[in-house]
Amino acid sequence: MTEAADQENSATAPLWRGHPSHWRYFWWWVVGVLLLAAYGAGLIVIAGIFIARARHSYMVTPRLVMIEEGLVAKSSNEVRIHDVRSINMAKRGISGLFGVGDLEISSAATDKAEIIFHGIPHASQVRDLLRQQQGNA
């Protein structure tokens, strides 16, 4: 491999990759377990949780913040690290006690959040990683 290829690979290698936490689906888990115990229909609810989690993939690289949605038909949105203007974090309820939260990432190009990482574990650490990468950019 050439030196340029090594630099490109290190710039696109994910520093963090994740999906929404199971805590984001806490009440769905409660319903699924209750239905499983009562009627066996909880398997449908539990399968839905796994599908919902698989549909959302989040990634932070040294250059980009990305979200990819979908199972078969996929769409993605990305913002370059040096274009990130603000990072808002919210932790709520039971899941917030366990470090699960939402990150809203916006750039200078728009007033609203362009990328939202919903219900990610260790939200504070991911926010700090983004800030660190902004300092490196």
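Visitor: How many salt bridges does the count come to?

Guide: The count comes to four salt bridges. The rule asks for a side-chain nitrogen of Lys or Arg within 4 Å of a carboxyl oxygen of Asp or Glu. A word on the source: this is a predicted model, where local features need pLDDT of at least 70 and side-chain atom pairs count only at pLDDT 80 or more, while totals for chains, interfaces and linings use all residues. Residues are numbered from 1 along each chain as its sequence is written, and side-chain values use heavy atoms, with hydrogens and water left out.

Visitor: What makes E68 and K74 a salt bridge?

Guide: Their closest N and O atoms are 3.8 Å apart. The limit is 4 Å, so the pair qualifies.

Visitor: Which residue does D83 form a salt bridge with?

Guide: D83 pairs with R80, and the closest N and O atoms are 2.8 Å apart. Another of the salt bridges joins D128 to R127, at 3.3 Å.

Visitor: Why is D83 called partly exposed?

Guide: Buried means under 20% relative accessible area, exposed means over 50%, and partly exposed is in between (1.4 Å probe, protein chains only). D83 has 26%, so D83 is partly exposed.

Visitor: What about D128 and R127: how accessible are they?

Guide: D128 is at 43% relative accessibility, and therefore partly exposed. R127 is at 25%, which again counts as partly exposed.

Visitor: Why is I120 called buried?

Guide: Its relative accessible area is 0%, so I120 is buried. I120 sits in strand β7, residues 115-120. Of the 137 residues of the chain, 35% count as buried.

Visitor: How many helices and strands does the chain have?

Guide: The chain has five helices and seven strands. These are DSSP runs, numbered from the N terminus: helices are H or I with at least four residues, strands are E with at least two. In order, the elements run α-β-α-α-β-β-β-β-α-β-β-α.

Visitor: Why are α2 and α3 called roughly antiparallel?

Guide: First, the general idea. Two packed helices are described by the angle between their axes and the distance between the axes. The axes of α2 (residues 26-38) and α3 (residues 42-54) come within 7 Å and cross at roughly 150 degrees. Axes are lines fitted to C-alpha atoms, for helices over the stretch in contact, and angles run from 0 to 180 degrees between N-to-C directions. Under 35 degrees counts as roughly parallel, over 145 as roughly antiparallel, 65 to 115 as roughly perpendicular, and the rest as oblique. So α2 and α3 are roughly antiparallel to each other.

Visitor: What makes W23, W27, I94, L97 and F98 a patch?

Guide: They form a nonpolar patch on the surface, with about 600 Å² of accessible area together. Patch residues need over 30% relative accessible area and no salt bridge; like charges are joined within 9 Å, and nonpolar side chains (Val, Leu, Ile, Met, Phe, Trp, Tyr) within 5 Å. Areas come from the Shrake-Rupley method with a 1.4 Å probe, and for residues only the protein chains shown count as cover. I94, in helix α4 (residues 93-97), has a relative accessible area of 39% and is partly exposed.

Visitor: What is the phi of H122?

Guide: H122 has a positive phi of about 55 degrees, although it is not a glycine. Most residues other than glycine have a negative phi. H122 is found in the loop between β7 and α5 (123-136). At 47% relative accessible area, H122 is partly exposed.
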